Amino acid sequence: MSKLLIIGTVAFDAIETPFGKTDKILGGSATYISLSAAQFGIYSGIVSVVGGDFPKKYLEKLNKKNINTDGIEIIEDEKTFFWSGKYHNDLNSRDTLITDLNVLANFKPIVQENFIDTDYLILGNLHPAVQMAVIKQIPVRPKLVVLDTMNFWMDNTWSELMEVIAKIDVITINDEEARQLSGEYSLVKAAQKIQEMGPKYVVIKKGEHGALLFNGENVFFAPALPLEEVFDPTGAGDTFAGGFIGHITKTGDISFENMKRAVIAGSNLASFCVEKFGTERMEYLTHEEIQKRLLQFKQLTQFDIELS
């Protein structure tokens, strides 16, 4: 079985939306990525860090889904990374209320020996220096390296981010971030510029408006499933990335045609993530639910037309 290594945050979130609010709940980019990728029955491992306040039951939840947590360092006398945010009524914008880096401030990642030979690597949203430290610990380049990043790192760690981008195969960012990274307003031109930086594939996430996949002259668009209700968008992007790399890891196929399917798989899982607060929906998602919604995606995009 192919192995997937996931780098990212394992954290606490406190979320407020027009539909309610939570106290500290399980969150973090690596958490969402791993729970999403786990839907494909693959073996994955996380490299991250938490404090002594992190409940063991959360680690056990991940272990039950074939997610190896040995690479999650526990610093007993410190606190876990904490983020708090409030979403506006349209759920497309939010205010960050609290960001406590805590253990993340001095995090030095260590890749466990049994994942040094990982087949696939996904670098979740973290400081580029941490991402690069992981890349340097893996002696044989994985079959595919995927990067997720954000505008904060573009604003504050540009040169380090560029070094990481030069070493990856796929980058997943949203449309605003693609424009900032490339300096181009057109997403087609933005993708071309970004590919010149290193990645062969560029995935541009457009939230409720779907996702675009670029590779050279090839372009693919995946719609987002129209949902009656979006409850909490937190982690949707990470869930998308987890579904994308989970599908690739399971199939072992890194062709453009299979990446199309991976984009649909990611979009499908992200549509579940937003239905509950935090990771709740992803923890109890069933194979039957996933397959039923995949059929909806197929029906949404499939049509016959006569060309004259």
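Predicted model: local features only at pLDDT ≥ 70, side-chain atom pairs only at ≥ 80, totals over all residues.
1. Helix H1 spans residues 29–37 and is mostly covered, with 9 of its 9 residues buried. The buried residues of H1 are Ser29, Ala30, Thr31, Tyr32, Ile33, Ser34, Leu35, Ser36 and Ala37.

2. Two packed helices are described by the angle between their axes and the distance between the axes. For helix H9 (residues 256–273) and H11, the angle is about 115° and the axes lie 10 Å apart. The crossing in which H9 passes H11 is right-handed.

3. Which residues meet where H9 and H11 pack? On the H9 side they are Ile264, Ser267, Asn268, Leu269, Ser271 and Phe272. Their partners in H11 are Glu289, Ile290, Arg293, Leu294 and Phe297.

4. Val140 sits in the loop that links helix H3 (128–137) to strand E11 (144–148). Is Val140 buried or exposed? Its relative accessible area is 60%, and residues over 50% are classed as exposed, so Val140 is exposed. Along the chain, Val140 and Ile116 are 24 residues apart, while their C-alpha atoms are separated by 8.3 Å.

5. Leu307 belongs to the segment that follows helix H11 (287–301). Leu307 counts as exposed because its relative accessibility is 80%, where the cut-off is over 50%. Together with Phe303 and Ile305, Leu307 makes a nonpolar surface patch of about 430 Å².

Technical notes. Residues numbered from 1 in each chain as written. Heavy atoms only, no water. Patch = residues over 30% accessible without salt bridge, like charges linked within 9 Å, V, L, I, M, F, W, Y side chains within 5 Å. Areas by Shrake-Rupley, 256 points an atom, 1.4 Å probe, with all protein chains shown as cover. Salt bridge = Lys/Arg side-chain N within 4 Å of Asp/Glu carboxyl O. Helix = DSSP H or I, 4+ residues; strand = E, 2+ residues; numbered from the N terminus. Buried < 20%, exposed > 50% of the residue type's maximum accessible area, 1.4 Å probe, protein only. Axes fitted to C-alpha atoms, helices over the stretch in contact; angles between N-to-C directions. Left-handed = near helix turned anticlockwise from the far one by under 90°. Contact = heavy atoms within 4.5 Å.
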